[in-house]
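Here is a friendly briefing to read alongside the model. Take a look at the structure first, then follow the notes topic by topic.

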Amino acid sequence: MNLAGALILAAAVLYVTFFPAAGLPALGPAFNPTTGAWTMAADAQVTNRMLHIAGLRQPVSVVLERDGTAHISAQTDHDLFLATGYVHARFRLFQMDLMRRQGAGRLSEVVGKAAVDSDRFELQLGLLRTAQAEWAQLQTDDQSRQALVAYAQGVNDRIAEAESMHQLDAMFTLLGYQPQSWSPIDSLLVKGDMTQTLNFTDTPLVMALLKKSLGADLSSEWFPILPPNQQSPYDIGPYAKPTIGPIETMSEVTDAEAQSAAALHQRLAALPAGLVAKGGASNNWAVGGAKSTSGGALLAGDPHLHLTLPAIWFQLTMDSPGYHAAGVGLPGTPIVLIGHNEHIAWTLTDAQNQQTFFYQEHEDAAHPGRYLWNGSWQNYKTVSYEIPVQGAKTQHLDVKLSVHGPVISERGQTTSVWWTGNLPSQDLGVLLRIGQAGNFAEFRNALRGWLAPTHNFIYADDRGNIGLISAGYYPLVAKGQPWLPMAGTGEFDVIGTIPFDDIPQAYNPPDNILWSANQRQVTSSYPYYIGTASNFFDAGYRANEIHRVLSQPGKLSADDMSALQTDTRDSLAAEIVPVLLQSLSKERLNAKESAAVDLLRSWDFRMETNSAAATIWWYFWGWYLDETFKPWWKSRAVPVDYGVVFNALGQDLEAWTLHDPGNRAFSAPGVGSRTAPDALRKSFHRLIGDAAKLLGPEPRSWSYGKVHQRVLENLAQISGLNYGPRPDRGDANTPLAAGGYPSTDGPSWRMVVDWGAQTFQAIYPGGQSENPASDWYTDRVDTWWAGKLNPMLTWDEASSAAGAWTWDLRP
Amino acid sequence: MDLGLAAVRLYIGIVLAAALALAGVLLGVWWSPFVVGLALGALDRRARVAVPVGAAIGLLAWAIPLAAVHIQYGLGPTAQSLAAIMGFDHRGAVPVVLTLLVGTLLGATGAWLVSAARFMAPGRSG
């Protein structure tokens, strides 16, 4: 009995210490104090160090500011990129590993079955194939190839060091695996992840389902090509003459097409967040020297992304004989993506043009395994993958490729996808050349090679010039309706891109201002199709507000730029609330409703946490949309989640409320004949009743901070390592972007440059380290939350600043 | 105090075993308390002696390096982070207790296993 008990206990103890069990990691390697997760305590400490790094050709100096901002100074370009790889891996190796695994479809190898769907989809979509093709394209003397190779060596130097010193990030220990060597293709995968997050969309599938259920007339009216509302394009022409014929119509969506679209849409909707772009939100603008108080050009930018801990960005200054840039880059890539050099500054927003096209391949029983294209039957190419799954059997995946791209659904109809992200795009080379550019001509020339994702690159230089180019690949189809899935028989194929000279762009405009906030960049007279209003340009409210502020008389300062980045004025509210109040002017109101009206009447349309009017407005807008469109959704049995097209319907509702109050949309089946004021009043009454139940009887106490919060989510989805939720201002329409409840996306990096005053300021939410035990995990959050910026120091300023550390890297 | 030769041997053995277990853990051989526990069980088959001593050695072998980490770097943020990762909010005591428990169990089970086996072995006495 005694021996049996001892045997059982010993076996149990040995099992749980050597093997993962019950959701816990193997306790021995995970928790032992010498090599286990406790080593994150040592990893969190940074000291002055002298290190020997394999592969360096000359000594490299690294200065780490008090907040971890890295300044890397090297005597050769090779050493600069190698040291950058080392520094990135020192602070972000687990993040880098997750990102490359996501792109390569290897997440389930370390996290198990939960990631299999993601892996299968990624391997189908083809980030790995594209990264391999990009790598194969690079000549041996190509600068970006050399940068990628040196960077990979730096990462691998750190992996070797961390393994020998038992300082791998604790997540490796807890998940029970060691990182594999870093390769240049891994860096290209990280870039591919971003491309996918920003511009792989499923909107043609959604449009097909809407067209089928709502009918051609309503879907055409509600989801038009050109935006129904007033927006603020930055490139107002004149434009080049059209080089292609007008878009022709094609047949209605058939039942089979709709079923196929529904199946694929559901599959994509079930994927983890970030794999399918859900609409972008970023701001940037520039002010010419003639309109700035300092006399120099101003530039401001805040790309809005999923806010994670660790942050998506790593801040650094890179300095070598051939490359000097300061700003932020993606850990895993060897360059500065947004920042400035000695002469120019740049930042970007997503350009939003349609870059994903779905093709239904024509197959028949007489030609099994083949598809009809341009009049002849083609064989699919097939690529096979093995997907290792932690704790389960390895899965096999065959991916079929047509001329359009990978087949991603064979349910109902065989559907393949053409996506610009699958075009090999030498973005790193472009970014290297941007970092080396000294004027607008060089900047613009560099961007000729940029394909995907399309971005609005804004520019300001030390001679007062400003420019904006929406660079990238703008697919043109020969004919058809590219906002719907198209037949794959050849007539509707992508035949090229809009010529570079014709893409949206502007340089030194007469009013000395340029801006982009994911709005349609051009007016209705632009001669090319670039996407519909709902696929997926922003509704334009942020752009309208930015344009309103910038175009006011007088000169602007860097402080004005910073203030505009945290502007919480909802320009949609500024349009709609007066109409709402007018519609209520003769309405009998109860005490709560009267109090709410008083609040709205005195409101400045700012979505501040202490504003009760902001709460009323935001609830009201949701109710108003529901009141108008929900009956249609119900009566037509629309199979698309209402929230998916919330943004597009909002543009319609805005336009009708202001200019077409008798639109038939207000008279949905079952609600009778109505106008906009009728729907406004009904929505208001319902909102006040519901809000009172939720927030209490006194409208003045309904402060926005009670209902609107923001959270920074841990990248590994460990909720205990999140920051927040915490009440925050802004909404989806304000320059300080904070859509969602709670809001999980927003300004991932704010930068303000004043070339006249030679000031460079920036901040991002989070910190330089992925180690949650480090002071640098969340140390920047409060500054960011308060809307403040930190100075971007030069090398000299950083090295003499209090609290700085120096690493002396030697060959 | 007259300890007697056997007792002296036992105490020396215990001290050596503890040093071995600690050295093993410091060198990354985190399971060394289990092996040392096995040896202890062989040294003294009385479970009432071997098991608590094995447990104490296991505890010390894991606690001393942990204390060293605390003295050198501070354990607070790390313990809180590990607790958060494990789903215990930021209750840093949880991973500390779990860590010490693992060390203790490794030493105790090793000692118990061998002392129980020896107890069952033929020709046992006393």
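Between chain A and chain B there are 0 salt bridges, a salt bridge being a side-chain nitrogen of Lys or Arg within 4 Å of a carboxyl oxygen of Asp or Glu. Please keep in mind that this is a predicted model, in which local features need pLDDT of at least 70 and side-chain atom pairs count only at pLDDT 80 or more, while totals for chains, interfaces and linings use all residues. Residues are numbered from 1 along each chain as its sequence is written, chains are lettered from A and ligands numbered from 1 in the order in which they are written, and side-chain values use heavy atoms, with hydrogens and water left out.

**The interface of chain A and chain B**

- Chain A brings 32 residues to the contact and chain B brings 35 residues, where contact means heavy atoms within 4.5 Å.
- About 3,000 Å² is buried between the two chains, and carbon and sulfur atoms give 82% of that area; buried area is the accessible area (1.4 Å probe) that two parts lose on being put together, summed over both.
- A:Phe31, A:Pro33 and A:Trp38 supply 23% of the area that chain A buries against chain B, more than any other three residues.
- Polar contacts across this interface number 6 residue pairs, both residues at pLDDT 80 or more. A polar contact is a pair of N or O atoms within 3.5 Å; within protein, one must be able to donate a hydrogen and the other to accept it, and residues adjacent in sequence count only if both atoms are side-chain atoms.
- On the side of chain A that touches chain B, the elements giving two or more residues are α1 (2-18), α2 (27-31), α3 (40-43) and α9 (170-175) of chain A. Helices (H or I, at least four residues) and strands (E, at least two) are DSSP runs, numbered from the N terminus.
- α1(A) gives the most to that side, with 11 residues.
- By class, that side of chain A has 23 nonpolar, 9 polar and no charged residues. Here Ala, Val, Leu, Ile, Met, Phe, Trp, Tyr, Cys and Pro count as nonpolar, Asp, Glu, Lys and Arg as charged, and the others, Gly among them, as polar.

**Chain B and its helix pair**

- Chain B has 5 helices and 0 strands, and along the sequence its pattern reads α-α-α-α-α.
- Taken along the principal axes, the C-alpha atoms of chain B fill a box of roughly 55 × 30 × 25 Å.
- Helix α3 (residues 47-73) and helix α5 (residues 93-120) of chain B have axes that come within 7 Å and cross at roughly 145 degrees. Axes are lines fitted to C-alpha atoms, for helices over the stretch in contact, and angles run from 0 to 180 degrees between N-to-C directions.
- Residues making this contact include B:Gly54, B:Gly58 and B:Trp62 of α3(B), and B:Gly103, B:Gly107 and B:Trp112 of α5(B).
- By class, the contact of α3(B) with α5(B) has 15 nonpolar, 7 polar and no charged residues.

**Salt bridges over all chains**

- Over all chains, the whole structure holds 34 salt bridges.
- One of them joins A:Glu134 and A:Lys191, with the closest N and O atoms 2.6 Å apart.
- A:Glu134 lies in helix α7 (residues 127-137) of chain A and A:Lys191 in helix α10 of chain A, so this pair ties together parts that are 57 residues apart in sequence.

**Backbone details in chain A**

- Most residues other than glycine have a negative phi, and most peptide bonds are trans.
- A cis peptide bond joins A:Leu309 and A:Pro310, with omega about -5 degrees; A:Pro310 sits in the loop between β6 (308-309) and β7 (314-320) of chain A.
- Another cis peptide bond links A:Ala452 and A:Pro453, with omega about -5 degrees; A:Pro453 is in the loop between α15 (440-447) and β18 (455-461) of chain A.
- A:Asn374, although not a glycine, has a positive phi of about 50 degrees, and its place is in the loop between β12 (370-373) and β13 (376-379) of chain A.
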